[in-house]
Amino acid sequence: MAQEQVLDQVLDLRGLKCPLPALYARKALAKAPPGVRLCVLTDDPMATIDVPHMCRQEGYAVEAVEKGNLGARIVLRRPA
């Protein structure tokens, strides 16, 4: 049986529009200790582009981008 991955933090940014999801995610990752996994919940369609782009620029890892009917779930990690 596969073990469910545990996330260190969840950042609910539903209701916020570009560029706020990327800015808040960057701020949370910058404050987090190395190795932390952050789940960003968002309903802004541009966030699935903006947040991974910010991560590439800042050196953070994007582990998953899952889009659904009610928004997206983006899992990020601050490298150790």
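User: Which residue is the bridge partner of glutamate 66 in E4?

Analyst: This is a predicted model, in which local features need pLDDT of at least 70, side-chain atom pairs count only at pLDDT 80 or more, and totals for chains, interfaces and linings use all residues. Strands (E, at least two residues) and helices (H or I, at least four) are DSSP runs numbered from the N terminus. In E4, glutamate 66 has as its bridge partner arginine 73.

User: How many bridges join strand E3 to E4?

Analyst: Strands of a sheet pair through backbone hydrogen bonds, either parallel or antiparallel, and two strands count as paired if DSSP finds at least two bridges between them. A hairpin joins E3 to E4 through two residues, and one of the bridges links alanine 64 with valine 75 in E4. E3 (residues 61-68) and E4 run antiparallel, and the number of bridges joining them is seven.

User: What is the order of the strands in the open sheet?

Analyst: The sheet has four strands with mixed pairing. Its edge strands are E1 (9-12) and E3, each of which pairs on one side only. E2 and E4 run antiparallel and are joined by six bridges. The order is therefore written, under the rule that pairing needs at least two bridges, as E1-E2-E4-E3.

User: Is arginine 37 buried or exposed?

Analyst: Arginine 37 is found in strand E2, where this residue stands opposite arginine 77 in E4. Its side chain makes a polar contact (N or O atoms within 3.5 Å, one able to donate a hydrogen and the other to accept it; residues adjacent in sequence count only if both atoms are side-chain atoms) with the side chain of glutamate 63, at 2.7 Å. With a 1.4 Å probe and protein chains only, buried means under 20% relative accessible area, exposed over 50%, and partly exposed in between. Because its relative accessible area is 13%, arginine 37 is buried.

User: Leaving aside neighbours within four places in sequence, which residues is cysteine 55 in contact with?

Analyst: A nonpolar core is a set of buried Ala, Val, Leu, Ile, Met, Phe, Trp, Tyr and Cys residues joined through side-chain atoms within 4.5 Å. Cys55 is among the residues that touch the most other members of the largest core, which has 14 residues. Helix H2 (47-58) is one of the elements that give two or more residues to this core. Counting contact as heavy atoms within 4.5 Å, the partners of cysteine 55 beyond those neighbours are Leu29, Tyr60, Val62 and Leu76.

Key
Residues numbered from 1 in each chain as written. Heavy atoms only, no water.
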